[in-house]
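Colleague: Walk me through this one, please. I'll have some questions as we go.

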Amino acid sequence: MDKRSRLSKKNSIEKLIDAASDLPGATAFVAKDISRSARRLVRSVKADVRAVRERDPAARSNAEILLLYSGVHALAAYRVAHKLHENEHYFAARALSQAAKAVTGIEIHPGAKIGKGLVIDHGTGVVIGETAEIGDNCTLYQGVTLGGTGKDLGK
């Protein structure tokens, strides 16, 4: 796809999001919130892809990373589930996180706090619990568990 086609496609997506914001009344309020969330999600996924590209010597292209890297898929699902969790849609958030776990082999609780630029490389068996907090620009490999040690409250 050439640059002109990519720009045209990007503009079409942005126009669609913007058009939703022009709807009347409460629908416009919801549409604006969804468009803000969609833009944030797109920025987050781009940052995740960029982080993999910078830190994984096997990554050959952005398309390969976006389409084939389970760590990127798990993080994208987490970011949507986390937004649901923040808005107290706990069941939907957990359902999404469990579906992502079934597909990727990576379990991320929607209540976890994850910064930008996380790379989950060879992520099979990674578990990130509800109490986990991961800062910016971290890398995790397979078999890592982050979170509480039992039913005690706190970190």
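Modeller: Ground rules: helices (H or I, at least four residues) and strands (E, at least two) are DSSP runs, numbered from the N terminus. It's a predicted model, so local features need pLDDT of at least 70, side-chain atom pairs count only at pLDDT 80 or more, and totals for chains, interfaces and linings use all residues. Residues are numbered from 1 along each chain as its sequence is written, and side-chain values use heavy atoms, leaving out hydrogens and water.

Colleague: Which accessibility class does Glu107 fall in?

Modeller: Glu107 sits in strand β1, residues 107–108. Buried is under 20% relative accessible area and exposed over 50% (1.4 Å probe, protein chains only), with partly exposed in between. At 23%, Glu107 is therefore partly exposed.

Colleague: How far apart are the C-alpha atoms of Glu107 and Ala74?

Modeller: Along the chain, 33 residues separate Glu107 and Ala74.

Colleague: Why do the buried residues of α5 line one face of the helix?

Modeller: The buried ones are Ala93, Ser97, Ala100 and Thr104. Down the axis of α5 (taking directions from the axis to the C-beta atoms), they line one face because they fall within an arc of 60°.

Colleague: Which elements do those buried residues of α5 pack against?

Modeller: Phe91 and Ala102 are exposed on the other side of α5. The buried residues of α5 pack against α4 and β1.

Terms used. Contact = heavy atoms within 4.5 Å.
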